[in-house]
Amino acid sequence: MVDALTRACRWVRDDGCLVDLRPADVVAHVQIGLPDGTCMDAGGVDVEDERRSRHTSADLALHTVLARGAFVVESERTFEFCRYADSPDEMRDYIASKWRQTLIGAATHARAVDLLRRHPHGRVQLVERVGIRKLCRSSS
Amino acid sequence: MIVQDPEGREIDALAALLPLRPLDVVEIGCGDGRLTRRYAARARSVLAVDPDAGAIAEFSATPLPPGVVLRTSPIDRLDLPDRAADVVLLAWSL
């Protein structure tokens with residue numbers, strides 16, 4: 001991963017930048033959102049160790065490249081990235097088919113179903129905190 | 001149907017970081033082009049890369065925005081000259 005990031009840095013022009021966009025947290029949360037803006041948490045997704053390890057490795061790769069001093073973080077922030085589904089089943093099936101090493105477990109799915117039963121105007125959503133940072137070449 | 005980021009928070013966050021000039025962008029991890037299509041109009045050129053041939057096929061199933069070129073490749077086999085891009089975007093790919 002360090003090699004990949006190093007290659008990517010080489011492609012950046014002197015006045016250009018590298019943008020690193022990826023999840024800030026390894027666990028996304030299934031929620032039921034209500035029309036008044038209230039969100040009720042049904043639980044986090046189940047993430048396999050390999051995916052957790054990859055998440056950690058990405059952070060380490062970034063720190064390694066920054067420690068070399070050729071690039072600096074000019075700015076960074078996080079935001080919530082939301083996906084909406086028509087039902088807990090649809091969200092579960094979407095995650096199972098599109099995400100690697102991640103599932104909506106039975107307990108979280110059951111809580112989402114229960115919350116939706118009690119709040120029929122709610123909407124199923126998967127909320128993921130995402131980080132975005134801009135790296136520029138160091139002037140020194 | 002799954003709806004992703006209808007609030008546009010992702011493109012807003014990206015747009016806030018990009019320089020205000022025509023850009024040559026290399027995007028690593030373009031997938032089916034969901035994000036690429038949202039910023040392509042601001043770019044002079046986009047080389048959108050993904051190792052997943054299926055995702056690239058999905059991307060190319062509808063007309064590409066002007067200036068967008070697709071390539072199926074893992075990053076470690078992507079042969080580009082040094083200092084080729086104004087922006088290298090690692091899109092959910094690191």
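I number residues from 1 along each chain as its sequence is written, and chains are lettered from A, ligands numbered from 1, in the order in which they are written. The model is predicted, so local features need pLDDT of at least 70 and side-chain atom pairs count only at pLDDT 80 or more, while totals for chains, interfaces and linings use all residues.

**Entry 1: strand β2 of chain B.** I looked up β2(B), residues 23-28. Helices (H or I, at least four residues) and strands (E, at least two) are DSSP runs, numbered from the N terminus. Five of its six residues are buried, so β2(B) is largely enclosed by the rest of the structure. Buried means 20 or more other C-beta atoms within 10 Å of the residue's own, exposed means 12 or fewer, and partly exposed lies in between; C-beta atoms are placed from the backbone.

Which strands pair with β2(B)? Strands pair if DSSP finds at least two bridges between them. I find six bridges to β3(B), residues 43-50, running parallel. There, B:Ile28 has B:Val49 as its bridge partner.

**Entry 2: from chain A into β5(B).** I then followed β5(B) across to chain A. Six bridges join β1(A) to β5(B), and the two run parallel. A:Leu18 has B:Val88 as its bridge partner.

**Entry 3: strand β5 of chain A.** β5(A), residues 71-85, pairs with β7(A), residues 123-137, through 14 bridges in the antiparallel sense. A:Tyr84 is bridged to A:Gln125 in β7(A). β5(A) also pairs with β1(B), residues 3-4, over two bridges, again antiparallel. A:Tyr84 stands opposite B:Val3 there.

Entry 4: I counted residues in contact, meaning C-beta atoms, placed from the backbone, within 7 Å. 35 residues of chain A touch 28 residues of chain B. On the chain A side, the elements giving two or more residues are α1, β1 (12-23), α2, β5, α3 (88-98) and β7. Which element gives the largest share? β1(A) does, with 10 residues. By class, the chain A side holds 20 nonpolar, two polar and 13 charged residues. Here Ala, Val, Leu, Ile, Met, Phe, Trp, Tyr, Cys and Pro count as nonpolar, Asp, Glu, Lys and Arg as charged, and the others, Gly among them, as polar.

**Entry 5: helices α1 and α2 of chain A.** I checked which residues meet between α1(A) and α2(A). A:Val2, A:Leu5, A:Thr6 and A:Cys9 in α1(A) meet A:Ala61, A:Leu62, A:Thr64 and A:Val65 in α2(A). That contact has six nonpolar, two polar and no charged residues.

**Entry 6: A:Ala8.** Leaving aside neighbours within four places in sequence, A:Ala8 is in contact with A:Leu18, B:Ile28, B:Ile75, B:Val88 and B:Leu90. The C-alpha atoms of A:Ala8 and A:Leu18 are separated by 7.7 Å, and the two residues are 10 apart along the chain.

**Entry 7: B:Val69.** I looked up B:Val69 in β4(B), residues 68-72. B:Val69 is exposed, with 10 other C-beta atoms within 10 Å. Its C-alpha atom and that of B:Val46 are separated by 6.1 Å, at 23 residues apart along the chain.

Notes. Two residues are in contact if their C-beta atoms, placed from the backbone, lie within 7 Å.
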